[in-house]
Amino acid sequence: MSTLEVITKLFYLLSAAFFIFGLKNLSSPRTARRGNLFAMIGMFIAVVVTLFDTQIISYTWIIVGLIIGGSIGAVAARTVQMTAMPQMVAIFNGFGGGASTLVALAEYNNILGNTALQMGNQDSITIAISIIIGTITFFGSFIAFGKLEGFVSGSPIVLPFHQGINALLFLAALVLAVLAVITPTQTWYFYGIVIAMAILGVTTVIPIGGADMPVVISLLNSYSGLAASATGFVLMNEVLIISGALVGASGLILTNIMCDAMNRSLTNVLFGAVGTDGGGGAAQDKTAVTEYTAEDAVILLENASKVIIVPGYGLAVAQAQHVLHEMSQMLIDQNVEVKYAIHPVAGRMPGHMNVLLAEANVPYDLLKDLDEINDEFQTADVALVVGANDVVNPAARTETDSPIYGMPIMNVDQADHVMIIKRSLSPGFAGVDNELFYYDKTMMLFGDAKDMVTEILNFLKES
């Protein structure tokens with residue numbers, strides 16, 4: 001091993017250490033910014049060291065790619081709205097998987113076109129694995145992006161013999177992979193894998209409803225890491241193997257956490273088609289709901305000693321996080337104890353509410369997880385629900401035929417008063433009517449979350 005190779009591997013090791021420290025710091029909102037910085041430093045080191053690789057013939061296209069990709073990334077990061085953050089994460093997962101597929105195919109063509117190289121079993125196996133995972137990640141992520149963006153139906157789309165089709169597609173990809181290992185010079189085997197996994201990526205994600213998008217995004221993130229790690233074996237690049245494995249493992253752990261938060265298995269999420277019928281739960285008398293005003297809400301909030309706020313996707317849609325923080329700060333200044341209760345699957349991606357509230361500079365010590373805050377609702381004067389639905393639906397405890405039955409929910413119904421800000425009585429992503437809307441203790445404040453919270457804030461300022 002030459003001196004340059006030794007130095008390269010040492011820098012790769014340093015880069016991997018930064019990735020690990022970054023991942024560790026990402027486990028807490030308080031240290032997440034530092035974690036991102038560590039990960040960025042690690043990736044910068046890995047990229048710079050790789051650019052000194054003696055096998056690189058020309059830097060022209062590399063520089064062009066850096067300029068184009070860097071520009072797109074910078075613009076996207078600066079301009080993306082918080083409501084579009086799940087879509088951006090989904091599409092970036094897809095780009096990661098697509099890049100792995102393209103790199104694997106490029107390496108395959110490089111080996112075939114170079115008479116000095118010989119395609120071994122290890123090469124063909126790792127290339128096939130990289131193509132399989134990378135392709136399903138790319139196309140599955142774009143369907144997830146479409147569902148989140150709205151140009152693909154957010155409801156589950158189930159085809160006739162859907163699971164049988166998926167099984168045949170996966171079996172076809174495996175058969176083609178075996179044939180590709182046996183006869184690696186047959187190019188169409190590898191491109192056949194791409195076609196089969198592209199279709200499978202689409203058919204795997206379309207039957208998954210909007211309620212399960214946090215799990216899907218987390219799983220696809222894991223896939224993108226596994227694809228990158230497999231590509232690392234194709235290129236024999238240690239830092240790509242390590243970083244991909246870290247992303248893959250952490251994504252699988254997060255997926256498991258998301259499933260536990262919904263009390264459902266990953267199999268049920270992938271194949272359960274939650275929300276197909278667009279309904280569920282006991283029928284409710286819509287006339288039993290009483291609409292309250294912002295002024296009514298202020299009277300209750302001003303006389304409260306403890307308020308727990310439960311944010312949901314409606315908060316993100318309305319971009320109401322800043323005015324909500326201002327309102328909560330005013331209550332705190334009036335000696336009201338205020339906390340935020342964060343459900344693991346609130347929003348459309350893992351950690352969506354944490355990111356949203358961090359953008360509004362809500363102190364981290366006010367953000368409480370489900371297990372940490374749930375017992376406190378019984379001591380709260382007011383539970384203020386802003387844009388959340390399924391995660392506060394008591395049907396999860398009682399309706400055995402409900403798709404959300406068994407899902408751990410926020411115990412907002414145990415508070416003395418429940419205040420819900422929502423545009424209408426429409427069900428949540430799971431398509432289940434919320435019986436909490438019809439409780440005697442519930443105050444329904446209909447309207448855009450930002451407009452309603454702003455109105456409450458103005459009344460607080462006047463009082």
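Modeller: Gladly, and let us begin with helix 17, whose buried residues are A449, M452, V453, I456, L457 and L460. Buried means under 20% relative accessible area, exposed over 50%, and partly exposed in between, with a 1.4 Å probe and protein chains only. Helices (H or I, at least four residues) and strands (E, at least two) are DSSP runs, numbered from the N terminus.

Biologist: What makes the buried residues of helix 17 line one face?

Modeller: Looking down the axis of helix 17, its buried residues fall within an arc of 135°, so they line one face of the helix. The arc is taken from the directions that run from the helix axis to the C-beta atoms. On the other side of helix 17, D451 and E462 are exposed.

Biologist: Before we go on, what kind of model is this, and how are its residues numbered?

Modeller: This is a predicted model, in which local features need pLDDT of at least 70 and side-chain atom pairs count only at pLDDT 80 or more, while totals for chains, interfaces and linings use all residues. Residues are numbered from 1 along each chain as its sequence is written, and side-chain values use heavy atoms, with hydrogens and water left out.

Biologist: Thanks! How do you know what span to expect for helix 17?

Modeller: The expected span of a helix is 1.5 Å times one less than its number of residues. Helix 17 covers residues 449-462, which is 14 residues, and reaches 20 Å from its first C-alpha to its last, close to the 20 Å expected.

Biologist: What covers the buried residues of helix 17?

Modeller: The cover includes helix 11 (294-302), helix 12 (313-318), helix 13 (321-333), strand 4 (382-386), strand 5 (417-422) and strand 6 (442-446). Contact means heavy atoms within 4.5 Å.

Biologist: Which residue caps the N-terminal end of helix 17?

Modeller: D448 does, with a side-chain oxygen 3.0 Å from the backbone nitrogen of K450. A polar contact is a pair of N or O atoms within 3.5 Å; within protein, one must be able to donate a hydrogen and the other to accept it, and residues adjacent in sequence count only if both atoms are side-chain atoms.

Biologist: Why is the pair of R423 and D448 called a salt bridge?

Modeller: A salt bridge is a side-chain nitrogen of Lys or Arg within 4 Å of a carboxyl oxygen of Asp or Glu. The closest N and O atoms of R423 and D448 are 2.8 Å apart, so the pair qualifies. It links distant parts of the chain: R423 is in the loop between strand 5 and strand 6, and D448 in the loop between strand 6 and helix 17, 25 residues apart. R423, at 57% relative accessibility, counts as exposed, whereas D448, at 18%, counts as buried.

Biologist: How many salt bridges does the structure hold?

Modeller: There are 8 salt bridges. One of them joins the side chains of D413 and R397 at 2.8 Å, N to O. D413 lies in the loop between helix 16 and strand 5 and R397 in helix 16, so the pair ties together parts that are 16 residues apart in sequence. D413 is buried at 15%, while R397 is partly exposed at 36%.

Biologist: What about E372 and K368?

Modeller: Their side chains meet in a salt bridge at 3.7 Å, N to O. E372 has 47% relative accessibility and counts as partly exposed; K368 has 16% and counts as buried.

Biologist: Why is N393 called buried?

Modeller: N393 has a relative accessible area of 0%, so it falls in the buried class. Its place is in the loop between strand 4 and helix 16 (395-398). Leaving out residues up to four places away in sequence, N393 touches I404, I409, V432, D433, N434 and E435.

Biologist: What makes the phi of N335 worth a remark?

Modeller: Most residues other than glycine have a negative phi. N335 has a positive phi of about 70° although it is not a glycine. N335 sits in the loop between helix 13 and strand 2 (337-342) and is exposed, with a relative accessible area of 71%.

Biologist: And where is N361 placed?

Modeller: N361 is in the loop between helix 14 (352-359) and strand 3 (367-369). Its phi is near 65°, a positive value in a residue other than glycine. At 59% relative accessible area, N361 is exposed.
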